[in-house]
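Here is a short briefing on a protein model and its ligand. Look at the structure first, then work through the points.

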Amino acid sequence: MRSDILNRVSEFSRRELFDNQEHLDSLAEAPLPLYQSFQDTGLMNWWLPENAGGAGLGLEDSIDIVSELAYGDAGAAFTLFISILGTSMVSLYGSDELKERYLAPMAKSGGFCATLGSEQVAGSELGNITTTATLQGGNLVLNGQKFFSTNSKFADFLVVVAKSATEPSGYSAILVPKNTPGVRIVKRWDMIGLRASGTYQVTLEGCRVPASNALNGPGLRLLEIGLNASRILIATTAVGVARRIRDLSMEYAKTKPLGGGKLVDNAVFASKLGQMEMQIDAMKSQCKAAARDYDAIMHSPDAATTFVRQGTLKSALTAKMICGQLGWDIASKGSEMFGGLGYTNEMLIGKLVRDMRYVSIVEGGDDVLRELMFNRYVVPVAKRS
Ligand SMILES: Cc1cc2nc3c(=O)[nH]c(=O)nc-3n(C[C@H](O)[C@H](O)[C@H](O)COP(=O)(O)OP(=O)(O)OC[C@H]3O[C@@H](n4cnc5c(N)ncnc54)[C@H](O)[C@@H]3O)c2cc1C
């Protein structure tokens, strides 16, 4: 990663996020004005390809960027990177016209994209979604209810995963511009963490878009492909939050009296922090390894076809699970470190614990990812479903 880019991100993180925790944790109206200030760094949507006018930074570079943002605030980091889920689907499987009309402005003047997959009843069994897309003339008409969708209230466009109204096994991913009549935000969820971000329940009632807004390929597979990048970056937020917990623990231990000295001089404390550092290093290494796998495919001559064949990357699943699990262990040990104070809202550690929780839940809980890992990478190829 070029040091000037990382410096710009670090400066933003220290200036806008680091000392602003109370506001970022307050569920203030999203999007916060500070996202405009990120736009001023010239790095908004940094992964968008150069042929769409973007900076074209790879996922390996994104690990350093997201870790630095999440060190400042995980909710802000999530808001800034989660558009990658929908934009990578559009970039790989959208028509040239869609890329020109929707990705190029995002690269030029910022903005957000939201992806609408989850539904209340279907849960993680996305094959059971009930949002439908009906072909009428040259249009697709969408109807349904999406339970969780980050950024959708202020996104420039949505990528909606829907089932074909006529073909039971057919699913599509469809680009729906923000102001399409029939898109209704039902509510913003009051999440326990990531409170600088906005996640919404959305209803689609007779939303009509041109049939050419459907991405080219089977919708559930395209979603799975898009999830590679965002799962790796969700994993990376755990690295940033864990680094913050480590540094907070050090700060506290330097002032906390213990046995005539300070906690920082205690061997048990040293052992805990040594363990934390090892965990952070393993988490970061796995995120980087997964990002390199992703970048290698993105740089291959026919990335779109290779990804359709490959689907979910094993290293992306590993990154998300290992970071969720080790991150949660760090959050738990970190909160213990502060004694009773760690259980009060006086200390930042409480917020960091709440922020860390999402890593093992969003975009597939560990039970779901373990099952996916089993079906894709443990069951012999000949027997795979
Ligand atoms: C902050 C936040 C942001 C989000 N943003 C978005 C977004 O932008 N777009 C979007 O589409 N979604 C979004 N989501 C939804 C999120 O991805 C899902 O909530 C998550 O994947 C978990 O799925 P679920 O809620 O359907 O729960 P489920 O997967 O149904 O899980 C409920 C329970 O069932 C268990 N379970 C489920 N499947 C299995 C299985 N196969 N074997 C054993 N146990 C199982 C789970 O372990 C869990 O205990 C967001 C959620 C949050 C909290």
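Helices (H or I, at least four residues) and strands (E, at least two) are DSSP runs, numbered from the N terminus. This is a predicted model: local features need pLDDT of at least 70, side-chain atom pairs count only at pLDDT 80 or more, and totals for chains, interfaces and linings use all residues. Residues are numbered from 1 along each chain as its sequence is written, and side-chain values use heavy atoms, with hydrogens and water left out.

**Two backbone details**
- Proline 31 sits in the loop between helix 2 (21-24) and helix 3 (34-39). The peptide bond leading from alanine 30 to proline 31 is cis, with omega near 0°.
- Asparagine 45 belongs to the loop between helix 3 and helix 4 (59-72). Its phi is near 55°, a positive value in a residue other than glycine.

**Around the ligand**
- The ligand is surrounded by 18 residues, each with a heavy atom within 4 Å of it. The closest are Gly117, Ser118, Ser124, Thr150 and Asp367.
- By class, this shell has six nonpolar, nine polar and three charged residues. Here Ala, Val, Leu, Ile, Met, Phe, Trp, Tyr, Cys and Pro count as nonpolar, Asp, Glu, Lys and Arg as charged, and the others, Gly among them, as polar.
- Strand 1 (113-116), strand 3 (139-150) and helix 13 (366-378) each supply at least two shell residues.
- Domain 2 (113-213) and domain 3 (219-383) each give at least three residues to the shell. The domain bounds come from an automatic or database domain assignment.

**Atom pairs and cover**
- A backbone N or O atom of threonine 115 lies 2.9 Å from a ligand nitrogen atom. Such a polar contact is a pair of N or O atoms within 3.5 Å.
- A polar backbone atom of glycine 364 is 3.0 Å from an oxygen atom of the ligand.
- In aspartate 367, a side-chain N or O atom is 2.7 Å from an oxygen atom of the ligand.
- Taken alone, the ligand exposes 970 Å², and the protein buries 63% of that. Accessible areas come from the Shrake-Rupley method with a 1.4 Å probe.

Definitions and conventions:
A polar contact is a pair of N or O atoms within 3.5 Å; within protein, one must be able to donate a hydrogen and the other to accept it, and residues adjacent in sequence count only if both atoms are side-chain atoms.
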